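I'd like to walk you through a few side chains, so let me get the picture up.

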Amino acid sequence: MDIYVNEDGLDFDDVDDKQPAQSFDIPQSREVGDYAVKPSKFSDVRNLTLFFPAAQGADNVRIYYIGFLGEWREIKDRPAVILYEAQANPADHPKIRGINDGEQSNLGM
């Protein structure tokens with residue numbers, strides 16, 4: 001079994017050109033097995049594609065059970081861009097009427 005990570009449009013023609021994140025040799029039986037993945041390759045997964053090459057010589061593959069263990073965390077679609085001003089630049093802000101243009105300001109009176 002080959003596992004591809006975050007390959008949205010992957011199909012049978014593409015798997016020959018792509019390198020799987022990890023591969024496992026799965027015995028043909030009804031036994032349940034645990035297969036540990038390399039955490040470094042599966043740290044930011046949005047989708048998984050499982051590919052069973054050559055279907056182990058058969059025309060069809062029958063899968064009885066697939067289970068996934070791991071931790072879920074929310075992944076934001078876009079990164080947050082935050083700008084902090086250590087010191088305000090007056091040129092970046094609109095001018096307040098009545099200041100420095102010869103008029104008196106009545107603020108605080």
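Predicted model: local features only at pLDDT ≥ 70, side-chain atom pairs only at ≥ 80, totals over all residues.

Now, Tyr35 has a partner. If you search the whole structure for aromatic pairs, you get one. That's Phe24 with Tyr35, in a tilted arrangement, with 5.3 Å from centre to centre and 55° between the planes. Both residues sit in the loop between β2 and β3, 11 residues apart, and the pair links distant parts of the chain. Phe24 comes out as buried, because its relative accessible area is 13%.

Okay, on to charges. How many salt bridges does the structure hold? One. As a reminder, side chains of opposite charge can pair when their charged atoms come close. Here, Glu7 pairs with Lys18, and the closest N and O atoms are 3.4 Å apart.

Next up, Gln22, which you'll find in strand β2, residues 22-23. Is Gln22 buried or exposed? Gln22 is buried, because its relative accessible area is 10%, and the limit for that class is under 20%. So what is around Gln22? Leaving out residues up to four places away in sequence, Gln22 touches Met1, Asp2, Ile3, Ala36, Val37, Lys38 and Phe42. Take Ala36 from that list: its backbone oxygen lies 3.5 Å from a polar atom of the Gln22 side chain.

Last stop, the surface. There's a nonpolar patch here, formed by Leu48, Val61, Ile63, Ile66 and Phe68, and together they have about 450 Å² of accessible area. Let me pick out Ile63, one of the patch residues. Ile63 is in the segment after β3, and that strand covers 48-51. Ile63 counts as partly exposed, because its relative accessible area is 43%.

That's my tour. Happy to go back to any of these spots on the screen.

Key: Residues numbered from 1 in each chain as written. Heavy atoms only, no water. Helix = DSSP H or I, 4+ residues; strand = E, 2+ residues; numbered from the N terminus. Buried < 20%, exposed > 50% of the residue type's maximum accessible area, 1.4 Å probe, protein only. Polar contact = N/O pair within 3.5 Å; in protein donor to acceptor, adjacent residues only side chain to side chain. Contact = heavy atoms within 4.5 Å. Patch = residues over 30% accessible without salt bridge, like charges linked within 9 Å, V, L, I, M, F, W, Y side chains within 5 Å. Areas by Shrake-Rupley, 256 points an atom, 1.4 Å probe, with all protein chains shown as cover. Salt bridge = Lys/Arg side-chain N within 4 Å of Asp/Glu carboxyl O. Phe/Tyr/Trp six-rings, centres within 6.5 Å; stacked < 30°, edge-to-face > 60°.
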